[in-house]
Amino acid sequence: MRMMMPRNNAPACRRPFHLFVLIALFLLALPAWARLDIRVGMQLEPPTLDPTQTAAAAAGEITYCNLFEGLTVIDGDGQLTPRLAKTWSVSDDGLTYTFSLRKDVRFHDGKRFNARSAAFSIKRIVSADSKNPQRKWFEKIRSVEATSEHVLQIHLNHPDSLLTFALALPAAVMVHPDSVAGNATHPIGTGPYRLAEWLPGQKLKLKRNADYWGEKPYLEQAEFYFMQTTAGTENMLAEGMVDGLVSVTRVTNRFGGRPDYKMSNRQLESKMLLAINNGRPPFDDIRVRRALSHAINKNELRTMYGAQFNPDLIGSHFPPSHPAYVDLVDRYPYDPKRARELLREAGVDKGTPVKLTVPPTDYGRYGGLMLAEDLEAIGFKVELDPVDWKTWMQSVFTDKDYALTLIIHVEPMDLNIYARDNYYFNYANDAFKAIWKQVLDARTDKELNHWLGEAQKQIAEDAVNVFLFIRPERNLMHKDLQGLWENSSIPSFVLEDIHWTH
Amino acid sequence: MQRRFGAGLTARTVGVTSVIAVVVVGLTLLTARTVGSLHTLVEDMASAEMENLMTSVRLVQQTESLISLGMMLAAAENHTERRTAMVELTDRTTWINKLTKNLLKQDDSRVLVSRVENTQSQLVTNIDLLNRLIRKRIDGEAAPEDMRLIRTLADVNRELAGRLSVLMGYYSASMRSQMVERSNQLNDEIEEHQRNLILLTAVLLLTALATGFTFEMTVVRRIRRIQSAVDADNVEPEQVEQKGQDEIAQLSRTLAGYIRRIREQESKMQRINGELAFLAEHDPLTGLANRRHFYAAADRLIRNSSTPLCVALGDIDHFKEINDRYGHAVGDRVLAEAATRLKSGLRESDILARVGGEEFAAILPMRSRDDCLHLFDQIRQSVAAYRFEPKPGHTLTMTISFGVTFLEDTSVATSEEEAENGLLSQALGAADQALYRAKHLGRNRVVCDQLEPYSYDRTGLTNANDDAKE
């Protein structure tokens, strides 16, 4: 048996002495003492607050480690560490994972977290009727059992070294059978914050959970404001009505120059795509899709956030930072002439109308304008269709009722979406599925990277989507805020270490 | 001792303390409430109202920008321009809608709210229509009436945006005046609370002063009065005593009673003391000084006197027989009568004592031996003149014999006590010799130690003596 010992991940600033000083200062009620709340702006309002049921990253962004916790976590340093599982071990054949769970954990409604609720949570992910957006990660699971009150065993069909990583995903957080049905609007998790208020279209408020099992976070309250408009974002930032923006926008550049804001990094792999409905004519024709790939001027497009951001272009659904990355940027060089030829070959008439569905984000609005221009340059008659996020999730993601859409995929290591049936790309290629099986069965890193490379090439070859660039990941935050989890690859805004220095 | 809580100091202390406590608590509560309500007011102003004001100001700006964006859309010559204008317009209208929704939530005037909402929805519809028409125009498909409609719509949109801007301006103005009103209200309240606070502080101050004054009057002064009355040389319980029912009055009465008892004890003791002293120096039967006193007084006299002194011893003749014959009571009476006559024959300052059963001694300043003899002979006569009927048919008479000595010069002996004593006993011895001789010579006579027995009235003397013997 190999043992994996939990790494001590307590940041230096959270020792008892500091807590004592904090309390002492608080008792002295120094007038200059730091604030205990935060207000952050987000572009997308999650359609549901249950991250196990939606592909909308915003759900995880708000709830991850705040409301819900998983057995493991990708912490602020980007490391995989234990969370609700204290330790775990893997059998020698790599087919059985035994998790020893924390005993002092309760859900927000007072119910105990134990191996039964953990088993329930994981079974729910892998069940046949699962709606979990990351179910693919858990396909090797054969069975899950609670061997005792606080010991959970997961049995696999094949060894899976990424299981503990998968369990750290926002979609794999622990839920309780009694409250799971209401999690979409009244999330009941085990995290250090609980939902206080959700005013749809406006904001969402979290309050500190006094009964939290772990260290008490600094902030008493956090508010997430949903900023569907650029004008609104500018207004709110200008007047200091929010303390920061999660993820970069066009205004980031402008406000980054203000002395009270600073930019902070995030380690996300946010892949911007012109997603194509591969099942809808004329895009079911590979020549049309390739025409689109040639038509988009990526170098122009990547300036949308301002000159100082210089995002990495991509040629496939894969970040350049990964060792398995294959540079496919020049697979389809910007060439409107070639694009028009391809369209002609495919029999697409000049002036064919196409609707570009854009989500209510900054990049959607301004990127959509640029894309429309490029598409019109090759003969399409483009109609921009701005929709709100709920509509996008429903009609594009779920109903697949769209032609083109500009979207960002923020999940790390999500190449597997191209192997999924019924994914909104409507891409179905057995060749890719075969490659992906090789990826899953890879025995060594070299093998794995090789097959990941093949997978990248395959979707580039099939021009499934137009792969644009990796969004520069910056938060715009008040300069006195510290403790953001900047190195986590999970799209999240974890509050527990955040505090004001003034 | 009975405690009366109605009037006692304890009750008064409790009362005063309660009053002060109530005033202080009231003051604190009032201040807390004041600060609380002011806090709420300021909070309201800072958060809700300030935010509303900001929102309405923002709305004015944003609606104004709609005018130019609408013009941009109407003037678009290609789809990029058109879409750019549309993106901006959609963004603004969405934001404006959100802001107005928040702002109008608090507005009661339905007419105004619906006017704003109508204007907004009309604007959005018009923008949409204009967008479609412009697209047509850019594609070269627009009919002449479309072109006319574009112009009309552009004008209408400008008007609508302008109207919206004006309505928002109205909101902004009313928010501002609301805030000014609030601010005035805040000022008024602060002033009122200030007045109340001053008033209450004055009450507190007065209460404290009154308490101090009352304490001075009811406690300090009275205690000082008691103290000075007790300190006086002549303590009068009436001056210590105070009227009233409180603890100090009770204490003063206790003290006065104590002083009274002390004074009673004192006078009693003085009386007893006097009696004891008298008893120690006097013979209870005759009231004359006793032998001890005589010696002491005689000593003093000898020591202090610069004139000659006469020392005399007298003895009642045949006293034993009177005693035996008539009983002790008669004897005592005879003794007392003799003493009385001796006393009345001498001056008050002369020293006279009963020094034995029927024996008397006297020492007194005299000018001459003759004077001595003469004086004591007069006394002898007055004693002999005494008549008494101890029982019916019996008449008792008595006589007395005196031995007298004369000290010519006492100054020789004044320096030494022993000499004095010697002088006194010498004199007494001489007087005793003389007395003896007087008895021997037939009694009822005065004999001087240096002379022959002498009598001014020999016959009388002899007879009287004989009578006494019978």
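This is a predicted model: local features need pLDDT of at least 70, side-chain atom pairs count only at pLDDT 80 or more; totals for chains, interfaces and linings use all residues.
**Exercise 1.** Determine how β7(A) and β8(A) pair, and what joins them.

Solution. Strand β7 of chain A covers residues 141–148 and strand β8 of chain A covers residues 151–156; strands are DSSP runs of E, at least two residues long, numbered from the N terminus. Step 2: count bridges. β7(A) and β8(A) share six, in the antiparallel sense; pairing requires that DSSP finds at least two bridges between the strands. Step 3: pick a bridge. A146(A) has L152(A) in β8(A) as its bridge partner. A hairpin of two residues links β7(A) to β8(A).

Residues are numbered from 1 along each chain as its sequence is written, and chains are lettered from A in the order in which they are written. Local features need pLDDT of at least 70, side-chain atom pairs count only at pLDDT 80 or more, and totals for chains, interfaces and linings use all residues.

**Exercise 2.** Give the strand order of the five-stranded open sheet in chain A and identify its edges.

Solution. Step 1: the order is β16-β15-β17-β14-β18, with mixed pairing. Step 2: β16 (380–386) and β18 (466–470) of chain A each pair on one side only, making them the edge strands. Step 3: β14 (residues 271–276) of chain A meets β18(A) in the antiparallel sense over four bridges. L274(A) is bridged to V466(A) in β18(A).

**Exercise 3.** State how confident the predictor is in chain A.

Solution. Step 1: the average pLDDT (the predictor's confidence in each residue, from 0 to 100) is 88 for chain A. Step 2: 93% of the residues score at least 70.
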